Amino acid sequence: MTGRLTEELLARPDGKSRALPIVVAVGARGTGKTALLAAVAKRCEDVPHAQVDFERHDWENVQPRELVGHLAFELGRHWRQFGRLAFPRLWLCMLVLGAPVELNDRRAALRKLRELLAKNQPLERNREAIVDVVRLAGGVAPVDGLPGLTAATDLLLRGLSWYDRRRLLGKIKALPAATGDHSDFLLGIAKQANGDEEDRATVDATFCDAFLADLRRAYSGINRSRRTLNSVLLLDNAHTPGGRAFLRVLTEARHRSPDEPDPLAVVATGRSWNPDWNESWSLPTAPPADAIDRRRPTAHRTNGLVAPTPRHPSEVDADWAPGAESPEQRWNPWYLVEVGTLGRDDVVDVAAGSDIHPASRLPGFLHRLTDGHPGAVAEVLNAVAHTYDSHRAGALRSALHTPVAGPDGGESVLLAGMREYLLQDFAPPSREDLVTASAALDVEMLFHKEILELRNPAGEGALFKELGDRLWLCAEPGDPVRYVLHPWLRRVLVQELAARAEDHSLSWVRVHTRCRDFYEKNGRTVAARYHDLALENVAGAVEHLSKPFLRARHAEFDLATAKAWLAELDVITAAPNRLDKTADPYQQVESLAGQWDDELETTLAWLVVALWIARDPLGDPGRTLDSTIEAGFHQLAQGRGRGSILVHERAERYR
């Protein structure tokens, strides 16, 4: 994403501006969005750019007009090739709209100023109109109004043809009311423009119109030849109220001037869904049927796709490849990219940065443990890399309990820090509900509050919606689609469930027992056996999984039967466990599987338990059980007919 897409956003073919969508990288907490933005910033370091983190410096609830002033100051710094970008219209708006006047007068002033800006002419040609605006806005009004406003306006007008803004700002700073830093002065004036909601919205719109008009002018005329790349806005954590408000104002301003594209590339990040995207995009977990009758505004474009989910990074290059239609015309006003999953090769590269050999088992362990969650990969790697010994891979079983420095300076464990980091967006009742719900196969259980005793006062669907909006749900293909918790979040939650005391009303045993009984009652036998295994009831799982082999004594164990059996085996052995992570994995298999009177049942018991332990990334990081699993599959496949082919093939995975 930091390659071709960035180049496309910066490019100015034939020295002209193009209509560009706002690019938003979306993903759950810790999925590398800030790091991605930093990489884009690195590529744009010599281009006029401004960067804002909406979760820092009190920007979370910033008003768009305040933010526009900050962005203009950042873009207006001197850039080696581009010089200084001037924002005279914006500075004038700050002065004019900041005067304390009667509501009706301010609205009249706003209308006049909007009309003036719409002419898109140099302001010095419209001095009389500006004087009218100043008069309406309080330049000659109450005694307690802003002193010197008329003089400031004249100074601005006389300075508009110059691009040395330092001289102009120096004059403004000398005004009686302009004490302190000039940015504080101008932004302080903007804060005074308060009225009702409609008034404030008009102020924000006018500021944004002025900001974009100034940018267009800065890239025209004699400056066009040297300003060869677009300016860039980098907006981190734009899911906050301040971020959403600014993006809305910006898209509306662009919509008002569809024939006048601006020289501005905008790249934002967010970790929750923005309702403004619903007009043309769908949540990553939205069922396909939801998009069938979706009507989007005519100005919205998603490359011919009907309400697509955010694009994957692997699709970006193709989305922006040269073609009959220019890339910027394919997407408007949004282009969403879902980030957050590292492939195994990516994890190998990350581990190599900590001097971990690519052939080591550690990268594979990290990928399985975290499901490629970037933040988790980095945190676990930092905690274990310096003590990792390839000859003692079993020590990784306790990786989540590695001692680390706590936020208060004391010592904590890695799991505690990751839990607080991941769950900080959820209220305490929701956190407890999530821990309880992590026991189930999927999040369907969130809708059965009578089983899990969910405490969210907004109802059982509220937590599901919150998980979806915060991008913590994954959709597993099937009919119907199943929604599950993100594997890394669930792994952390399951550890919390396992740590609950036995006398807790929703302890590990009580929750899994309730889930098992619920699925049994509703005829979902495989799901019930999943919870049986979580309760260490190996016999229940073995009894169910032995049935196809017993039937095969009278009928062929064919390919369809083998395929169905392997699918059920995968579901059941995916059950979570709370086994001792300091014990030897083989000894645990020996203890839990034991010996049965029937050879088939003995083989099945050993295979089921070995798979159950091995499928937990913390169960057998050294893969000491692979030979046991391989032998179990081969033994089961002996003399079973055509279906044995699939069972033998499964054994080969553990060779």
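Residues are numbered from 1 along each chain as its sequence is written. Because the model is predicted, local features need pLDDT of at least 70 and side-chain atom pairs count only at pLDDT 80 or more, while totals for chains, interfaces and linings use all residues, and side-chain values use heavy atoms, with hydrogens and water left out.

We can begin with the helices, which are DSSP runs of H or I with at least four residues, numbered from the N terminus. Two packed helices are described by the angle between their axes and the distance between the axes. Helix α3 (residues 64-75) and helix α11 (residues 241-256) have axes that come within 9 Å and cross at roughly 80 degrees. That angle makes α3 roughly perpendicular to α11, a label given to angles of 65 to 115 degrees. The axes here are lines fitted to C-alpha atoms over the stretch in contact, and angles run from 0 to 180 degrees between N-to-C directions. From α3, the residues Pro64, Leu67, Val68 and Leu71 meet Ala245, Phe246 and Val249 of α11, where contact means heavy atoms within 4.5 Å. The residues of this contact comprise seven nonpolar, no polar and no charged; Ala, Val, Leu, Ile, Met, Phe, Trp, Tyr, Cys and Pro count as nonpolar, Asp, Glu, Lys and Arg as charged, and the others, Gly among them, as polar.

Charged pairs come next. Side chains of opposite charge can pair when their charged atoms come close. With a salt bridge taken as a side-chain nitrogen of Lys or Arg within 4 Å of a carboxyl oxygen of Asp or Glu, the count comes to 34 salt bridges. One of them joins Arg311 and Asp319, at 2.8 Å from N to O. Arg311 is buried, with a relative accessible area of 14%, and Asp319 is buried at 4% (buried means under 20% relative accessible area, exposed over 50%, partly exposed in between, with a 1.4 Å probe and protein chains only).

Arg500 forms a salt bridge with Glu432, with the closest N and O atoms 3.1 Å apart. This pair links distant parts of the chain, 68 residues apart: Arg500 lies in the loop between α20 (487-499) and α21 (508-521), and Glu432 in helix α17 (residues 428-437). Arg500 is buried at 9% relative accessible area, whereas Glu432 is partly exposed at 34%.

Arg623 pairs with Asp626, the closest N and O atoms being 2.8 Å apart. Here Arg623 is partly exposed at 40% relative accessibility, while Asp626 is buried at 13%. Finally, a network of salt bridges links Arg516, Asp517, Glu520, Arg529 and Asp532.

Conventions. Helix = DSSP H or I, 4+ residues; strand = E, 2+ residues; numbered from the N terminus. Parallel < 35°, antiparallel > 145°, perpendicular 65-115°, else oblique.
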